[in-house]
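Colleague: I am new to this structure and would like a guided tour. Could we begin once it is on the screen?

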Amino acid sequence: MTTAKALVKCLEKEGITTIFGYPGAMICPFYDELSRSNVIEHVLVRHEANAGHAASGLARLTGKAAVCVATSGPGALNLITAIATAYMDSIPIVAITGQVSSEQIGKDVFQEADIMGAAEPFVKHSYLVKDAAQLPRIIAEAFYIATTGRPGPVLIDIPVDVQFVEIDFNPENYQDSNTPPDIRGYKPSVAGNKLQIKRVIEAIEQSRKPLICAGGGMFAAKRGKFAFEAMREMAQHADIPVIHTMMGISSFPTDHRLYCGMIGMHGKATANRALNECDLLILLGARVNDRAIPALTKDTPPKIIHVDIDPAEIGKNLNAAIPVVGEICMVLAQILETLPQKKHNEWNAYLNKIKSTVSGNEKTAENNARTDVINPREFYKTLNRLLPRDTVITADVGQNQIWTANHLSLGEGGRFITSGGMGTMGYSVPAAIGAKRSAPEREVIAICGDGSFQMQFMELATAVQHDINIKVIIMKNDRLGMVREVQKLRYDNNQTAVFLDGSPDFIKLAEAYGIQGERLCEPSNIDKALITLLASKQPYVLVVDVDAEERSLL
Amino acid sequence: MKHTLSVLVENNAGVLSRISGLFARRGFNIHSLAVGVTENEAISRITIVAQGDDYTLEQIAKQLNKLVDVIKIRSVKEEELLSRELMLIKVGCAPDKRHELVAIAEISGAKVSDVSAQSVTLELSANAQRLAAFEALLNPYGIREIARTGVIALQKGANSLNT
């Protein structure tokens, strides 16, 4: 069969049922074969970056690799932002790009771009398929590399002539990525070192004020079971309070008595206090980047246990007394084997006291008295009350991201998805499309600003075309709110290039796509508006008017 | 501080670009880099001399290890290091001074590789200190050109870096 057909068969064997993509001449042989697949449905996005983001949304919710496809040159280049976004958040995606004909590579022909070179800093690994016979091996390796160890994007660039080559391939003999291929230079560690696990247990036994900090690694999955499930068991068993980074949101139910909130410059006071007063900090799949770390200001820092799959993250930002390298699901299982049952009544009571005082203060803080705009805090309060427990929320970047991160309260089974590391605007809608595609029965809502919405609203067409019933909430303040805030605080209030004048009427825009929507500007209507949004059986857009002076930290 | 890293990599197209790209974007300074195939044709050995403190060295090794094409890395300690670099050095030289250069070459363990009416080209394989001393000796004669291979190294003794 042709390499193009073999590629489709390999993807089917890898369990792929959805591909997000955008065709072009150099990937046409693949598309021709894809159209004949009974297993894989192609979802046509309206911009290649969104194919990558949609794959990312799908991968995050399933814990498995997802696929995006683009053509050579500009198509592939447009994918780069999505690839880099996935790389920063360690999301397993396999990106397949068409390339100009082998003999033309390097001659600057039409739509030629060195995508291998251009994407090199942002991929876990990449392949240029020169020898067609190697394709099945490359696909299996790509899926294996993307999903094991520290997950990440893998790029496969296939020249158009290679796609036509007949190869000797029987799909029945395909060795899928569940059988670890033998790659000399890639042997990710799986289990944690036994001695280190023993030291972890000892440290937990001795600690009076332990604290778990959960990161994005909590969403790494093994056979469909996510790490956060084991982490909850650990926290409860040893009575350890839990904080998290932005990437760790929704790894622990917010209504749990051990829950202390998000750390960092945009985090919660309780979480930052807990971080500074604990005597043992257990970092689970968190690299604690520059936005999270300023919280740790104490002169005598706590003892740190750092569990991470990537040895390079250990000791990069924080010095760990007990490093444990291993697959988080495995390491947690190892810890749970001998974890002592403990009670930290005093420590937890202390934190709960801070929690109630702080949230008490928040309640009495002066609310925006205006009745023609919506106070985001009030909005999220109602949202939290009405959302089904297993809702998936994708947040964009900017003030809407911080509001959502701090005020969204998801119960057990809920899921929060955002571009944490790269902070890529225009992520929420395509990511929601990807997430909804993998879980049609769950409520999936994208929350964005009016700035980021205009980077992605073309994807409303994708949702309509493929019956992907996502909801979009636009927090509209006619500004690039977070930049405005920075300008106010650091640039003497010189507000420049942040005004979104000229934006269209988003409700009319939605209507143009055949999508219903509503504008919410009266506080008394929040309930009704959200009930309508949740009741809709079709995509729905809710525009929420927010005061332009509203701050990120409410 | 300088560190010598011995890195075994897949002999694939693009490996060098992945490695040099990693050094550039993480802000690691390469002092020298030399590549060649090993006893196994599918594997190349890259010898990197890099500048940095212990933290930087640890990060370099860990980040290199993450590259799928990198098979093995060893940071070779100074005292275990058997290192050589080849230098070709062209010196301006009138015929009447030629015997002086030949004498210097002999004392230094260098070879005379090429002679013309106005120049002599010498070749020396040695460690960094001896190359520097050799260069200093030739300086007064007028050095026209120097080409160096970059350091290659193996660990002393029976231990070897195997895949």
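**Chain B, then chain A**

Modeller: Among contacts in chain B between residues at least 6 apart in sequence, 74% join residues at least 24 apart; two residues are in contact if their C-beta atoms, placed from the backbone, lie within 7 Å. This is a predicted model, in which local features need pLDDT of at least 70, side-chain atom pairs count only at pLDDT 80 or more, and totals for chains, interfaces and linings use all residues. Residues are numbered from 1 along each chain as its sequence is written, while chains are lettered from A and ligands numbered from 1 in the order in which they are written.

Colleague: How many helices and strands does the secondary structure of chain B come to?

Modeller: Chain B has 4 helices and 9 strands, where helices (H or I, at least four residues) and strands (E, at least two) are DSSP runs numbered from the N terminus. Along the sequence, the pattern of chain B is β-α-β-β-α-β-β-α-β-β-α-β-β.

Colleague: What share of the residues in chain B is buried?

Modeller: Of the 163 residues in chain B, 25% are buried. A residue is buried if 20 or more other C-beta atoms lie within 10 Å of its own, exposed if 12 or fewer, and partly exposed in between, with C-beta atoms placed from the backbone.

Colleague: Which domains does the assignment give for chain B?

Modeller: The assignment gives domain 1 (2–76) and domain 2 (82–152) of chain B; such bounds come from an automatic or database domain assignment. The centres of these two domains of chain B, taken over C-alpha atoms, are separated by 29 Å. Contacts link 6 residues of domain 1 of chain B with 5 residues of domain 2 of chain B.

Colleague: Which element gives the most to the side of domain 1 of chain B that touches domain 2 of chain B?

Modeller: That element is β2(B), with 3 residues. The residues on that side of domain 1 of chain B divide into 3 nonpolar, 3 polar and no charged. Here Ala, Val, Leu, Ile, Met, Phe, Trp, Tyr, Cys and Pro count as nonpolar, Asp, Glu, Lys and Arg as charged, and the others, Gly among them, as polar.

Colleague: How many residues of chain A are in contact with chain B?

Modeller: In chain A, 14 residues are in contact with 16 residues of chain B. The chain A side divides into 7 nonpolar, 4 polar and 3 charged residues.

Colleague: Now to chain A itself. In what order do the 6 strands of the open sheet with β1 stand?

Modeller: The order is β2-β1-β3-β4-β6-β5 in chain A, with parallel pairing; two strands pair if DSSP finds at least two bridges between them. β2 (41–44) and β5 (125–128) of chain A stand at the edges with a single partner strand each, so one side of each has no neighbour in the sheet.

Colleague: How many bridges join β1 to β2 in chain A?

Modeller: Strand β1 (residues 18–21) of chain A is joined to β2(A) by 4 bridges. A:F20 has A:V43 in β2(A) as its bridge partner.

Colleague: And α3 of chain A: how many of its residues are buried?

Modeller: Of the 15 residues of α3(A), 14 are buried, and the helix is mostly covered. Just after α3(A), A:G63 takes a positive phi of about 75°.

Colleague: What is the order of the open sheet that includes β20 of chain A?

Modeller: The 6 strands of that sheet of chain A have the order β16-β15-β17-β18-β20-β19, with parallel pairing. Its edge strands are β16 (415–418) and β19 (516–520) of chain A, each pairing on one side only. β19(A) is joined by 5 bridges to strand β20 (residues 540–545) of chain A.
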